[in-house]
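Take a walk through this protein with the model open beside you.

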Amino acid sequence: MIPADAGQEPYMVVCEDEEDELSGAGREPGGQRHERFTVSDREAGIRADVLCTDHCGGLSRSYVQKLLKAGNVRLNHKPVKANCKVNAGDLVEILVPEAVEPEILPEAMDLDILYEDEDVLLVNKPKGMVVHPAAGHYTGTLVNGLMDHCRDGLSGINGVLRPGIVHRIDMDTTGILIVCKNDMAHNSIARQLKDHSVTRRYQAVVHGNIGEDEGTVDAPVGRHPVDRKKMSVNEKNGRRAVTHYRVQKRFGRFTFIECRLETGRTHQIRVHMASIGHPLLGDTVYGPARCPFKLQGQTLHAGILGFIHPRTGRYMEFEAPLPAYFQRLLQMLGEY
């Protein structure tokens, strides 16, 4: 058995996302888990690691491979290797050890706080910062900095790994996030996110020359059918996703746009723009593998966020200026 503190995935992140509303319901795994099933005729010939990943919702393939290596997966009562192909009628047994949450410690950081009161905090997240701790990122996250800044003044609805976090943006996306300092505020903002009433406008640079001045992509976004680390336009298993975009400036081979989110799915803007042939510049996951400029990930900035204040009931809207790298890039494109 794998020890509870070794190679564990205490919280499965569905790709650190572009805009993933976090309600706090049932995301933290806990307790030892047993899976037992018989291989069907349709599943015959599939690799053991692929089959087990499909049957164990919420576990990544890399983690399932660790379970296989540790002997926590048995085929017909015997340990099995990850690349073993199963036969119809085989009995598969999987033991997933109890997840143990690591201790998350406060870290002093120079946070760019745009607004703060007793209920909410608006922060401008820099590029390269992970929003909350997850496998491989337990220090240096926004949450570590918020814990130092707010001490015990953060909502607890989303557990010890995500205090105050009600939504998130991708590691290499910059811009505004709202942080909730108590459960009342958290519930209010979560409801607004669920109702799609929060104003969210992003700036981005995409490949290609977009012909129309504005447009809408209304296409469901869900897990990629083959690569579980990616999202995709998925008509069968995706959730409704709507992105409105407007051209700000054209640079021939590239276009500067503003996107307004009607919904908030993981990687929504990145997936939607790629689906219409205009992936984000710098996005090597959904766009070209090589970028003509030295960039760290996608060129995407959460510039404007508006919401109804949980306590006062007044609409508030905040804006984060384009980061320096983005401004330099626009200048370079103008000379490109």
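Start with the cysteines. A search of the whole structure finds zero disulfides. A disulfide is a covalent bond between the sulfur atoms of two cysteines. Now move to C259. This cysteine is in no disulfide either, and the nearest cysteine sulfur, in C291, is 17 Å away. C259 counts as buried too, at 0% relative accessibility.

The average pLDDT of the protein is 89, and 90% of the residues score at least 70. Residues 1–21 have a pLDDT below 50. In the model, that stretch has 103 contacts beyond its near neighbours in sequence. Residues 23–30 also have a pLDDT below 50, with 22 contacts beyond near neighbours in sequence. Where pLDDT is low, the predicted coordinates should not be read in detail.

Now find the open sheet. Four strands form it, in the order β1-β4-β2-β3, and their pairing is antiparallel. The edges are held by β1 (33–38) and β3 (78–79). Each of these two has a single partner strand, so one of its sides has no neighbour in the sheet. Strands of a sheet pair through backbone hydrogen bonds, either parallel or antiparallel. Six bridges join β1 to β4 (residues 91–96), in the antiparallel sense. Take one of them: E35 has I94 in β4 as its bridge partner.

Helices meet this sheet. Helix α1 (residues 48–55) lies across β1, β2 (73–75) and β4. Its direction makes about 115° with that of β1. Helix α2 (residues 61–69) packs on the sheet as well, touching β2 and β4. The direction of α2 makes about 105° with that of β4.

Which strands pair with β8? One is β14 (residues 300–308), which runs antiparallel to β8 and is joined to it by six bridges. There, T199 stands opposite G306 of β14. Another is β13 (residues 254–261), paired with β8 over seven bridges, again in the antiparallel sense. In that pairing, V206 has T255 of β13 as its bridge partner.

Finish with the charged side chains. The structure holds 15 salt bridges. One of them joins D119 and R311, with N and O 2.7 Å apart. D119 sits in the loop between β5 (113–116) and β6 (120–125). R311 sits in the loop between β14 and β15 (315–319). R311 is partly exposed, at 47%.

R250 and D213 form another salt bridge, with their closest N and O atoms 3.0 Å apart. This pair also links distant parts of the chain, 37 residues apart. R250 belongs to strand β12 (residues 242–250), while D213 lies in the loop between β8 and β9 (214–218). R250 is partly exposed at 34% relative accessibility. D213 counts as exposed, at 53%.

Then look at R240 and D218, whose side chains meet in a salt bridge of 3.1 Å, N to O. R240 is in the loop between β11 (231–233) and β12, and D218 is in strand β9. They are 22 residues apart, and they too link distant parts of the chain. R240 is partly exposed, with 47% relative accessibility. D218 is partly exposed, also with 47%. Last, locate R47, D49 and R61: salt bridges that share partners join them into one network.

Definitions and conventions. Residues numbered from 1 in each chain as written. Predicted model: local features only at pLDDT ≥ 70, side-chain atom pairs only at ≥ 80, totals over all residues. Heavy atoms only, no water. Pairing = 2+ DSSP bridges. Contact = heavy atoms within 4.5 Å. Axes fitted to C-alpha atoms, helices over the stretch in contact; angles between N-to-C directions. Disulfide = S-S within 2.5 Å. Buried < 20%, exposed > 50% of the residue type's maximum accessible area, 1.4 Å probe, protein only. pLDDT = per-residue confidence, 0-100. Salt bridge = Lys/Arg side-chain N within 4 Å of Asp/Glu carboxyl O.
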